[in-house]
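The stops below go from one selection to the next.

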Amino acid sequence: MNLSLSRHDRAMLAVTVCVALFGFLGLTAKGQIAGIRSRRAEADRLAQRLELQAALIDAKDDWAARYEAVRDRMPVFSGSEQVGPYWGKIMDDAAHDHDLHIQQRAFKEETVVAGVCELPIEVRQWEGTLEALVGFVHQVESTGAMLEVRELRVSPIQNRQGWLKGSFTLSCAYLRTDKVSNPATPSQP
């Protein structure tokens, strides 16, 4: 079989092959470019994470100094001693001092991170004025570095002008004698 194409047909065939080839390369390159962009974004994210971790490592001495300054002020309890009543009394006294009514609360499970224990007290419902809330939070958080109000939620009470209600978690930090490495004189709260 003798295939003889005219010059025009050969030119059209060449153009068609080139268009098909460029189309195929374009579709393949599009997927490759998307993959490269995705890997570049992941590399940028990892580089930022490494920079943050390096900054934290560089600040190690500062964090250690801060910890040493605070550790001496932290109350130290024995390993089996119940700490809920101690922290609950501090919270109740501050609430009483500022006329904040705590109606529902629950002690959560103690956690230990790097030798520091934390007991969250979840206050599911409280009521009071804005002044009472501000005074309570100020008193609790100025008791030292050991108490911190977290996850504070506030909403107005309908039909009670100036009264608020809400919830919060009070985080209490302390040490335990069995978790303290070389404690300075353990202070009993």
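**Stop 1**

Select strand β5 (residues 147-156) and strand β6 (residues 163-176): the two run antiparallel and are joined by eight bridges. Strands pair here if DSSP finds at least two bridges between them. Helices (H or I, at least four residues) and strands (E, at least two) are DSSP runs, numbered from the N terminus.

This is a predicted model, in which local features need pLDDT of at least 70 and side-chain atom pairs count only at pLDDT 80 or more, while totals for chains, interfaces and linings use all residues. Residues are numbered from 1 along each chain as its sequence is written, and side-chain values use heavy atoms, with hydrogens and water left out.

Within the pair of strands, pick Val 149 and look across to β6, where Leu 170 stands opposite. Then move to the turn: β5 and β6 form a hairpin with six residues between them. Asn 159, in that turn, has a positive phi of about 70°.

**Stop 2**

A salt bridge means a side-chain nitrogen of Lys or Arg within 4 Å of a carboxyl oxygen of Asp or Glu.

Glu 118 is partly exposed at 21%, and Glu 148 is partly exposed at 37%. The classes are buried under 20% relative accessible area, exposed over 50% and partly exposed in between (1.4 Å probe, protein chains only).

Next, select Glu 122 and Lys 108, whose side chains form a salt bridge of 3.0 Å, N to O. This pair too links distant parts of the chain: Glu 122 is in strand β4 (residues 116-129) and Lys 108 in the loop between β2 (101-107) and β3 (111-113), 14 residues apart. Glu 122 is partly exposed at 25% relative accessibility, and Lys 108 is partly exposed at 36%. How many salt bridges does the structure hold? The count is nine.

**Stop 1: aromatic rings**

Show the rings of Phe, Tyr and Trp. A search of the whole structure finds six aromatic pairs. Trp 87 and Tyr 174 make a tilted one, with 6.1 Å centre to centre and 35° between the planes. Trp 87 sits in helix α3 (residues 84-97) and Tyr 174 in strand β6, so the pair links distant parts of the chain, 87 residues apart. Both Trp 87 and Tyr 174 are buried.

Move on to Phe 136 and Phe 168, a pair that is tilted because the planes are at 45°, with ring centres 5.5 Å apart. Phe 136 belongs to helix α4 (residues 130-141) and Phe 168 to strand β6; the two are 32 residues apart and link distant parts of the chain. Phe 136 is buried at 0% relative accessibility, and Phe 168 is buried at 2%. Rings of Phe, Tyr and Trp (its six-membered ring) pair if their centres lie within 6.5 Å; planes under 30 degrees apart count as stacked, over 60 as edge-to-face and the rest as tilted.

Now select Phe 77, Tyr 86, Trp 87 and Tyr 174 together: these residues form one aromatic cluster.

**Stop 2: cysteines**

Cys 117 is buried, at 0% relative accessibility. Cys 18, by contrast, is partly exposed at 40%. The structure holds zero disulfides, a disulfide being a pair of cysteine sulfur atoms within 2.5 Å.

**Stop 3: helix α1**

Finish on helix α1 (residues 7-58), where Leu 21 lies. Leu 21 is partly exposed, with a relative accessible area of 48%.
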